[in-house]
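Let's take a walk through this chain, from its cores to its charged pairs. Keep the viewer open as you read.

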Amino acid sequence: MLFFYRFWRGFLRIEIKGDITEKLLNICAKNGIPLWNIKRRGKAIRCYIAVGDFKRLPRLLAKSGLRVHIIDRYGLPFFTERYKKRYGIPVGAAVFFAFLTFMSGFVWSVEVAGSSAVPERDIIAECKELGIYAGIRKGDISPASAKLQLLLKDNRLSWCAFNIEGCYLTVDVTEAKKKEEDNSVPTNLKAAADGIIKKIDVTAGNCIVKVGDTVAAGDILVSGIEERAEGTRFVHSIGSVTASTEREITVTANYRQKIKIKTGKKKTKRVLSFFTLKIPLYLGSEKGMYNAQTNVKTLKLFGKKIPIAIYEKRFEFTEETEKNYDRNALEKELEKLFSEKVKLEISGDFEVKNREIDEIEGGLRLKTVVSAEENIAVQDIMLFNTGNS
């Protein structure tokens, strides 16, 4: 703190020469003039003194035989004196502070707090659709109205609040808890595929099939209607029915295929973003085929985001060419396609029962019959005819 005070008032580094330089120390101590960083340099003494105190020295050192020389000048008075004719500095400072004052009326950044399952980018995108984004005037935001609109727009949220601190808007959210399955709705369990029943595990509902039965897709496995002594009861059927299933999976591939290969050519283009204003830092546009990836780097000042970002788009160019397969290579390609497709249709283990490879025009076709044991029971809501037209 003392340094800032001395800098504000200005201070000097001086050198005292004479027969008995220690006289200066005694004179300054007697008259309450502080000196600091005192060092001897041969017969001379060097130290620092405030500008106001230095002006008193000529009168106090009269007839002492001591000579005082100024080595350096420090502090704000000397800085302003040095640059007082350089009008660009005060003008630039005035423009800078005027700009900051103007910018303080806008939202510099929109951030989300409290989200985990709901992606932050989704909430920011929804806020933008509501007209709330980085660059909007703070006076144009109605937190109460924005809160209601966001909750109506996204049913994944149970609560939210818009808090403005300085130039930063924080959307605090609480996510809605996942709804448990409504067991009050009467349902049947139907077969999702043809199969032979291998195992039944039902905890609610009237099971109308037994192990060893053959069922077709759409057949009712467990009914939601239970007949009891006290009358008919409609329930929510719960359980699993494991069946042995068979299905045919078909994939095809051509001997001659068009594929994309990387050329090795790469290019990076950047765009400067200031609020909603985008300034391209490049000329022209890219033509041809390429894969592109965009990265965003938001600039920060003192750990806080400012409304300036650099969008960096990286291009990796490709070209289309034809690839010719022989039979062995094409059969391997068919195996790959089969593996990808069977994973989509069957979640558990499976066994290949039969496979055939046929020649088709320009290529091959692989037909594979696979068997698996899987849960084929799916919920089906019961609909009631009330008799009203």
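Glutamate 312 and arginine 314 are joined side chain to side chain by a polar contact of 3.0 Å (a pair of N or O atoms within 3.5 Å; within protein, one must be able to donate a hydrogen and the other to accept it, and residues adjacent in sequence count only if both atoms are side-chain atoms). Before going on, a word on the ground rules: this is a predicted model, where local features need pLDDT of at least 70 and side-chain atom pairs count only at pLDDT 80 or more, while totals for chains, interfaces and linings use all residues. Residues are numbered from 1 along each chain as its sequence is written, and side-chain values use heavy atoms, with hydrogens and water left out.

Back to glutamate 312, which sits in strand E19 (residues 304-324); helices (H or I, at least four residues) and strands (E, at least two) are DSSP runs, numbered from the N terminus. Its relative accessibility is 16%, so glutamate 312 counts as buried (buried means under 20% relative accessible area, exposed over 50%, partly exposed in between, with a 1.4 Å probe and protein chains only). Leaving out residues up to four places away in sequence, glutamate 312 touches Thr268, Lys269, Arg270, Gln293, Thr294 and Asn295, where contact means heavy atoms within 4.5 Å.

Now for the greasy parts. In soluble globular proteins, nonpolar side chains tend to be buried together. Here the largest nonpolar core has 18 residues, and Leu12, Ile14, Ile16, Leu24, Ile49 and Leu57 have the most contacts inside it. A nonpolar core is a set of buried Ala, Val, Leu, Ile, Met, Phe, Trp, Tyr and Cys residues joined through side-chain atoms within 4.5 Å. At least two residues of this core come from each of strand E1 (11-17), helix H2 (22-30), strand E3 (44-50), helix H3 (51-54) and helix H4 (57-60). Apart from it lies another core, of 17 residues, including Leu150, Phe162, Leu169 and Val171.

Not counting residues up to four places away in sequence, leucine 61 touches Leu24, Ile27, Leu66 and Val68. Leucine 61 and lysine 23 are 38 residues apart in sequence, yet 9.1 Å apart in space, C-alpha to C-alpha.

What about charge pairs? A salt bridge is a side-chain nitrogen of Lys or Arg within 4 Å of a carboxyl oxygen of Asp or Glu, and by this rule the count comes to 21. In one of them, arginine 46 meets glutamate 15, with the closest N and O atoms 2.8 Å apart. Arginine 46 lies in strand E3 and glutamate 15 in strand E1, so this pair ties together parts that are 31 residues apart in sequence. Glutamate 15 is buried, with a relative accessible area of 9%.

Another salt bridge pairs arginine 156 with glutamate 126, the closest N and O atoms being 3.8 Å apart. It links distant parts of the chain, 30 residues apart: arginine 156 is in the loop between helix H8 (143-153) and strand E6 (157-165), and glutamate 126 is in helix H7 (residues 120-129). Arginine 156 is partly exposed at 33% relative accessible area, whereas glutamate 126 is buried at 11%.
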